[in-house]
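Please consider the structure shown below.

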Amino acid sequence: MTRAEYMIRLADKLHNLPEIRRREIVEEILAHFNDGGSEGISDEALAEGLGPPEILAKEYRAAYASEQASVKPSIGNVMRVVWAGIGMGMLNLIFVLPIVAALFAVWLSLVITGGAMALVGALTAILSIVSIIFPMALISIVYPIASVFVCLMVASLGGLLLIGSLRLGGAWGKFIARYVCTNIEIISGKRKQNAEEH
Amino acid sequence: MRYKVLDIVWLLAIASERSDRVNPQFKKGVLELCVLALLARKDCYGFELVSSVSRSVVMSEGTVYPLMKRLRDEGLLNTYLKESNEGPPRKYYKITDGGRDKFARLLAEWRAFTQGVDDIIEGRQSA
């Protein structure tokens with residue numbers, strides 16, 4: 001392979017690098033041919049030493065890409081990171097949202113059941129007591145004393161359920177918050193995955 | 001002999017796993033060490049540097065040029081133009097202070113690594 005041929009094939013594979021960068025690379029490799037030639041080494045041997053121009057171009061492109069990603073927070077790079085982040089967010093949304101929604105629904109029904117039991121239990125207990133003190137005043141209850149105990153039991157069960165589910169909700173909320181924070185950290189790049197690999 | 005070669009390969013694999021202690025891209029790290037070592041001694045132009053490296057280490061010259069560009073991007077090397085007796089001015093590479101720091105760090109890693117390998121080969125490793 002002559003040096004002209006080598007240079008053409010190399011430059012062809014560098015076309016998506018910036019103009020300045022490309023010119024630097026071409027000048028450098030051309031200087032390599034010149035300096036090698038002045039020491040009596042043939043173009044053929046020099047080209048063989050450099051390896052195929054396509055591979056050389058690939059390594060130059062890789063070097064450039066890693067530099068771009070690590071050093072310059074240019075609009076293009078930031079956009080790429082943002083897009084990656086949105087992609088990850090969408091994935092989370094698709095996979096996690098149904099689970100979160102279902103768990104939230106279960107939790108909400110527990111809270112409502114507990115609340116309703118506590119409220120109704122307490123109210124009917126009061127009604128029962130009232131009907132013991134003032135028989136036939138409002139409504140008649142067949143076994144007023146038994147009714148007081150049953151209603152108080154239902155009310156306290158409902159109260160426990162309510163308190164328990166609210167506590168559970170707090171823990172669940174913390175977990176969701178931590179999960180979201182982790183995602184934000186990953187997206188914003190604070191938590192790098194395989195930082196050493198390019 | 002074959003057994004020992006396998007040992008070394010295995011050790012290299014482990015070395016690249018333990019990224020906190022040894023440069024993960026070990027081979028590239030070694031090449032980087034060679035380039036920095038040459039430039040720590042004296043400034044070189046491209047062909048001079050590349051042929052020195054590829055003369056001692058079996059490595060394609062095509063691997064060294066992109067590496068030099070990367071090292072310059074990272075601020076470990078500088079370049080300047082200097083008149084030459086033959087032909088146009090040449091681009092010389094010069095190591096920066098940051099490059100010297102990196103060189104010292106890579107050298108320490110290299111010394112520790114080769115020491116470990118030697119210990120295994122010579123059977124000095126405490127079992």
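A:Glu24 forms a salt bridge with B:Lys69, the closest N and O atoms lying 3.4 Å apart; a salt bridge here is a side-chain nitrogen of Lys or Arg within 4 Å of a carboxyl oxygen of Asp or Glu. B:Arg72 also forms a salt bridge with A:Glu24, with the closest N and O atoms 3.2 Å apart. Because B:Arg72 lies in helix α4 (residues 61–73) of chain B and A:Glu24 in helix α2 of chain A, this pair joins two chains. Helices are DSSP runs (H or I) of at least four residues, numbered from the N terminus.

The model is predicted: local features need pLDDT of at least 70 and side-chain atom pairs count only at pLDDT 80 or more, while totals for chains, interfaces and linings use all residues. Residues are numbered from 1 along each chain as its sequence is written, chains are lettered from A and ligands numbered from 1 in the order in which they are written, and side-chain values use heavy atoms, with hydrogens and water left out.

Contact, meaning heavy atoms within 4.5 Å, links 23 residues of chain A with 19 residues of chain B. The area buried between the two chains is about 1,900 Å², and carbon and sulfur atoms give 53% of this area. Buried area is the accessible area (1.4 Å probe) that two parts lose on being put together, summed over both. A:Glu28, A:His32 and A:Asp35 supply 27% of the area that chain A buries against chain B, more than any other three residues.

A further part of the surface of chain A is nonpolar. A:Ile129, A:Ile132, A:Ile133, A:Phe134, A:Ile145 and A:Phe149 make a nonpolar surface patch of about 620 Å². Such a patch is made of residues with over 30% relative accessible area and no salt bridge, nonpolar side chains (Val, Leu, Ile, Met, Phe, Trp, Tyr) being joined within 5 Å and like charges within 9 Å. Accessible areas come from the Shrake-Rupley method with a 1.4 Å probe, and for residues only the protein chains shown count as cover. Helix α5(A) gives the most to the nonpolar patch, with 3 residues, and A:Ile133 lies in this helix.
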